[in-house]
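Work through the exercises below with the sequence and the coordinates open. Each task is followed by a solution in steps.

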Amino acid sequence: MSKENWINEKCKEIEQQRKHAPQTMYSNIEEIIGKRTLLSTGCLKAMNGDIIIDKEKILERWADYIRELFKDDRKDHNVMKNNFPGPPIMKEEVETAIKKMKHGKATGPDNISVELIEALEDFGIGKATHLLNEFYDKGQIPTDLSKSIFIALPKKPGATECELHRTISLMSHITKILLKIIMLRIRNKITLEIAEEQCRFVEDKGTSSSIYILRTLIERALEVQKDVYLCFIDYTKAFDRVRHDEIVTQLKQLNIDGKDLRIIKTMYWEQTAAMRI
C-alpha cells in the first residue's frame, strides 16, 4: 500500500473513531504525524539574562518563577473545624471516580497508582474508601498526599526561559480520586451556572466539537459568500492565576456542602510543591 493510500485509510478510521473511540483516534493521529519530543537544554536564563548551568541555581530560578506564577494575595487560611454537613463517601463513588480517571498517568510523591488500587479489587476499593472518609471528615490531607511535583516541558527546541516551558504537576492519585468524587457531587449545582458557550471541561463540548462547529460555520459562509471574523484571546497562564478567595466565595454562593468546601479550601491553602529537573 502506498503512503498516500495508507494515510487516506487512517483518516477514514480517525473519522469513524472521533465519537466512539477518542483514545484510539489520538493514537492514530500520532501514528500519522509522529511524536515530537523536545528535550531540555539543561540550562536556564536568570532574571538578568545570564545563562545558569549550576543545578542548585536552576532550582532556585524555578522556585522563584513558580512562586511568582502562583502568587495570590489571599487571606490567611483559617481551618474550618466545625462539624459541617456532608454525606460519607461510598464505595460506589470511589469505583465511579476510578473509572472516570485516565490510566497510565505518572504517580505523585506517594507512588500509588490508580491501577494498583484497581488490581486489589474489593480490598483496594474498601481501603481507599476508608482512607478518603478520614480525610473528608477531618478536612485535612496528609502532607505527602497534598504535595505536587512540578516538571517543566519545553514548548520549543532550545528553550532557556521559564516562560517557554509548560509546567505540569504530578499529584497523588488518591488525592485525585477524592477531588473527582467532590467534583461529581457538586457538578449538578455548578452546571446551572455554566453558560451554553462554555467549551472544554464540559461533557460533549470538547475541542473537537468546537473545531467541527467552526468548520461548519466557515463552510456555510463560503457558500453564501459572507466574511467570517474570528477573535482569539489567549490569557497567559489563566488557570495558574485564578484567585483562591474568589473561588471559595463563589462556591459558598452555590451552597455546596461544608465538608466539600473545606477540602477544596484545604487543597488550595495547604498544598506544597517541589520542582524536578
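Angles under 35 degrees count as roughly parallel, over 145 as roughly antiparallel, 65 to 115 as roughly perpendicular and the rest as oblique. The model is predicted: local features need pLDDT of at least 70, side-chain atom pairs count only at pLDDT 80 or more, and totals for chains, interfaces and linings use all residues. Residues are numbered from 1 along each chain as its sequence is written, and side-chain values use heavy atoms, with hydrogens and water left out.

**Exercise 1. Describe how α4 packs on α6.**

Step 1. Helices (H or I, at least four residues) and strands (E, at least two) are DSSP runs, numbered from the N terminus. Helix α4 covers residues 91-100 and helix α6 covers residues 121-138.

Step 2. Axes are lines fitted to C-alpha atoms, for helices over the stretch in contact, and angles run from 0 to 180 degrees between N-to-C directions. The angle between α4 and α6 is about 110 degrees, and their axes are 9 Å apart. The two helices, α4 and α6, are therefore roughly perpendicular to each other.

Step 3. Contact means heavy atoms within 4.5 Å. On the α4 side the contact uses K91, V94, E95 and I98, and on the α6 side D122, I125, G126, A128, T129 and L132.

Step 4. Ala, Val, Leu, Ile, Met, Phe, Trp, Tyr, Cys and Pro count as nonpolar, Asp, Glu, Lys and Arg as charged, and the others, Gly among them, as polar. By this division, the contact of α4 with α6 has 5 nonpolar, 2 polar and 3 charged residues.

**Exercise 2. Give the angle at which α4 and α7 pack, and sort the residues of their contact.**

Step 1. The axes of α4 and α7 are 9 Å apart, at an angle of about 105 degrees. That makes α4 roughly perpendicular to α7.

Step 2. From α4, the residues E93, V94, T96, A97, I98 and K100 meet I177, K180, I181, L184 and R185 of α7.

Step 3. The contact of α4 with α7 divides into 6 nonpolar, 1 polar and 4 charged residues.

**Exercise 3. Locate E121 and N255, and state whether each is buried or exposed.**

Step 1. Most residues other than glycine have a negative phi. E121 is not a glycine, yet its phi is positive, about 50 degrees. N255, also a residue other than glycine, has a positive phi near 60 degrees.

Step 2. E121 is found in helix α6. N255 is in the loop between α9 (244-253) and α10 (258-270).

Step 3. Buried means under 20% relative accessible area, exposed over 50%, partly exposed in between (1.4 Å probe, protein chains only). E121 has 59% relative accessibility and so counts as exposed. N255, at 58%, counts as exposed.

**Exercise 4. State the overall figures for the protein.**

Step 1. The protein has 10 helices and 5 strands. Its C-alpha trace spans about 65 × 50 × 45 Å along the principal axes.

Step 2. Of the 277 residues in the protein, 29% are buried.

Step 3. Among contacts between residues at least 6 apart in sequence, 68% join residues at least 24 apart.
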